[in-house]
Amino acid sequence: MSAYIIRRLLGLIPVLFGISLLVFIIPRAVRGDPATIILGERAEPATLERLREQLGLNRPLFFNQEGFQEKGIAGLFDSQYFQFLSKALRGDLGRSIFRLTQVRDELAQRFPATFELSIVAMFFAFIIGVPAGVIAALNRGKLLDTGIMFAALAGVSFPVFWLAIILIYAFSVNLGWLPPSGRIDISFEINPITRLYVLDGLLRGDVRFTLNAIKHLVLPSIALGTIPLAIIVRMTRSSMLEVLGQDYVRTARAKGLKQRLVINKHALRNALLPVITVIGLSFGGLLSGAILTETVFAWPGIGKWVYDAIAARDYPIIQGGVLFVAFIFVIVNLLVDLSYALIDPRIQYS
Amino acid sequence: MASTVGNSSAKASKGQSLAQDALKRFFRNPTAILGLSILSLIILMTIFAPLLRPGDPLKSNLKVRQLPPSWTMSQADLDKKKITAWTYPFGTDVQGRDLLMRVLYGGRISLRAGLVAVIFSVSIGMVLGLVAGFFGGWIDIVIVWLVDVLLAFPGILLAIALASALGAGTLSFQLPFLPFAFELSSIEKALIAISITQIPIFIRITRASVISLRESEFVQAAKSLGANPRRTMWLHVLPNGLSPILIQLTLSIGTVVLDMAALGFLGLGAQPPAPEWGAMISDGFGRFRSAPWLSIFPGLAIFLTVVGFNLLGDALRDVLDPRLKNVS
């Protein structure tokens, strides 16, 4: 097992290297000189030159041959890419072009909002998706099954941002039940502890604050959770059908166990394994879906942050945000694979 | 399902080709029929858009700005605007443009985008997957690395990164050795960005089915008869590995339509006043309290189109992939 973990961790290195390469190359290949982007087309040549000097843009892109001749191996890596990489590895993602703040600091401030939303969305998808999938499997071929499966298919066919708009229109504008945007009413004072507002409210024992934060979470997490919900329903159903045909389920039935016990104890436990993978894989989808959902709900997480940066062409933020999300996604996938090994002792890693 | 399997194998033994058999099962599948009907309807409506709603989808008419769907209006309001209850079934936008006409024309953009992007990514993905799976070795390692890296960007994120790097407006560039410059509109840039995100999926699927076929008996037989590798690859391996590619292709068109709309919504794809569904929802988003129909109708159009492709993809999976028959 530990050999497997080490091998998986080593396998991450080429992928992370590739991600950093792509994030570094794309804007440079297409947009050209970052100094011109920052200062604009009409900037003085001398000013541009000074900024290039400051940002290290006068160095070669990948390998510094002059540096190699002067200083050896260390000089070879005195280039833009390796500077970008070594800074990124230390968590330095550059500064916002307009606000001049550290991208890293803004990211740290906004990530908890996205994290809270993603967790709640996934929770919503799980507690509805698994029972729905089980019900569909138990009623295979009947009207109920067809209905659930069609709903699941519809769930992956909505544009997320459209569903978000419809939800706001129905539940905020028309019915007035839930707030249309933001994380908390502005009348509340925010003294962040964890920056996860529901948790903060609970920690302080502030019931009104907690309830208000939960109210704000309902619509965005439904919008964001719909796609994973649909995927979980389909996965649970097909996994459940497979398990129900197994010998041990038949044995459990033959020895006279009650249907509920057979389903919950024997079938569902085994059927949930592939569902866990799907949850892990959907988590990445949530992070990119957050860009759309957070934009519609003005939810101050990294999705909204990246959207605003796109509108303002603030490339360091786009770059930092993309790099961060891809990194998280890779890590989550690794954790899913490892948890698989822990949950299912039959899986042997050699 | 079990009876269908029995039937088809009995028929197949009477000398029907695999494709004929699959086609027959396809047309007996209710999911397939539903998906096909929805899509045919949408495709016909967008093709005949100029006949169904003659006029210019970009031309504004300030006399009828932001009208709700005309069948919801009162008779007095209708008289005041001198229109009937069915003049603007989807309402009009802030420039007084007929929303139904724009939704119909928007279908042209989305469907064309879906087809072009998928053809582009399937051709590149299939070749790379074939090469990787068939030849193995270092070329396989490099291609698999590329796939892993591209798939490390979840969902639409890579498309967003690419499209935002390509910037707003028209981009013109010159390739070395070519005497002319290329011009890319914002829709084309979004299309390229989305296509690239689909390539690794096709590489992975093609490679997987090639590897499973590489060691199969008929491929070994072709090899031992002295067929050259390229001939074996194109003639024996690829046709037998097509089913999963075809299924993914159908599902991918739906994904591309959704992603295209998402980029349009984020302002990275089609630019106003182009009648693109995502851009139209984005336009309606700012006014959805007073004019919800601006977002509702283009969204419904996207939904129906994507449902159509997803139904078709599911049906193809049932028909073409016999291993899944007992599962779903």
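This briefing describes a predicted model with chains A and B, topic by topic. Chain A has 15 helices and 0 strands, while chain B has 14 helices and 2 strands. Over all chains, 14 salt bridges are counted, and chain B carries a nonpolar patch on its surface.

**Chain A as a whole**

- The C-alpha trace of chain A spans about 85 × 55 × 40 Å along its principal axes.
- Chain A has 350 residues, and 46% of them are buried.
- When contacts in chain A between residues at least 6 apart in sequence are taken, 67% join residues at least 24 apart.
- The side chains of chain A include 34 positive and 24 negative ones. The centres of these two sets lie 12 Å apart.

**Chain B as a whole**

- Chain B has 328 residues, of which 50% count as buried.
- For contacts in chain B with a separation of 6 or more, residues 24 or more positions apart account for 71%.
- Chain B exposes about 15,500 Å², and 66% of this comes from carbon and sulfur atoms.

**Salt bridges in chain A**

- Side chains of opposite charge can pair when their charged atoms come close.
- Arg237(A) and Asp145(A) form a salt bridge in which the closest N and O atoms are 2.8 Å apart. Arg237(A) belongs to helix α11 (residues 207-244) and Asp145(A) to helix α8 (residues 143-155), so this pair ties together parts of chain A that are 92 residues apart in sequence. Both Arg237(A) and Asp145(A) are buried.
- Lys304(A) and Asp308(A) form another salt bridge, at 3.0 Å from N to O. Both residues lie in helix α14 (residues 302-312) of chain A. They are 4 residues apart, about one turn of the helix.
- The two ends of this pair fall into separate accessibility classes under a cut-off of 20% for buried residues. Lys304(A) counts as buried because its relative accessibility is 19%, whereas Asp308(A), at 32%, counts as partly exposed.

**Salt bridges involving chain B**

- In chain B, the side chains of Arg207(B) and Asp140(B) meet in a salt bridge of 2.7 Å, N to O. Arg207(B) is in helix α9 (residues 186-214) and Asp140(B) is in helix α7 (residues 137-151), so the pair ties together parts of chain B that are 67 residues apart in sequence.
- Arg207(B) has 23% relative accessibility and so counts as partly exposed. Asp140(B) has 12% and counts as buried.
- Arg234(A), Asp314(B) and Arg317(B) are joined into one network by salt bridges that share partners.

**The nonpolar patch on chain B**

- The patch is formed by Leu41(B), Ile43(B), Leu44(B), Met45(B), Ile47(B), Phe48(B), Leu51(B) and Leu52(B). Together these residues have about 760 Å² of accessible area.
- Helices α3 (30-47) and α4 (49-52) of chain B are the elements that give two or more residues to the patch. Of these, α3(B) gives the most, with 5 residues.
- Leu44(B), one of the patch residues, is found in helix α3 of chain B. Its relative accessibility is 47%, so Leu44(B) counts as partly exposed.

**Positive phi angles in loops of chain A**

- Arg195(A) is not a glycine, yet its phi is positive, at about 70°. This residue sits in the loop between α9 (160-174) and α10 (197-204) of chain A. Arg195(A) is partly exposed, with a relative accessible area of 31%.
- Ala298(A), also not a glycine, has a positive phi of about 45°. Ala298(A) is placed in the loop between α13 (259-297) and α14 of chain A. With a relative accessible area of 34%, Ala298(A) is partly exposed.

- Gln69(A) is part of helix α4 (residues 65-71) of chain A. Its relative accessible area is 70%, so Gln69(A) is exposed.
- From C-alpha to C-alpha, Gln69(A) and Lys215(A) are 63 Å apart in space. In sequence, Gln69(A) and Lys215(A) are 146 residues apart.

Definitions and conventions:
Residues numbered from 1 in each chain as written. Chains lettered and ligands numbered in written order. Predicted model: local features only at pLDDT ≥ 70, side-chain atom pairs only at ≥ 80, totals over all residues. Heavy atoms only, no water. Patch = residues over 30% accessible without salt bridge, like charges linked within 9 Å, V, L, I, M, F, W, Y side chains within 5 Å. Areas by Shrake-Rupley, 256 points an atom, 1.4 Å probe, with all protein chains shown as cover. Salt bridge = Lys/Arg side-chain N within 4 Å of Asp/Glu carboxyl O. Buried < 20%, exposed > 50% of the residue type's maximum accessible area, 1.4 Å probe, protein only. Contact = heavy atoms within 4.5 Å. Lys, Arg positive; Asp, Glu negative; His and termini not counted. Charge placed at Lys NZ, Arg CZ, Asp CG, Glu CD.
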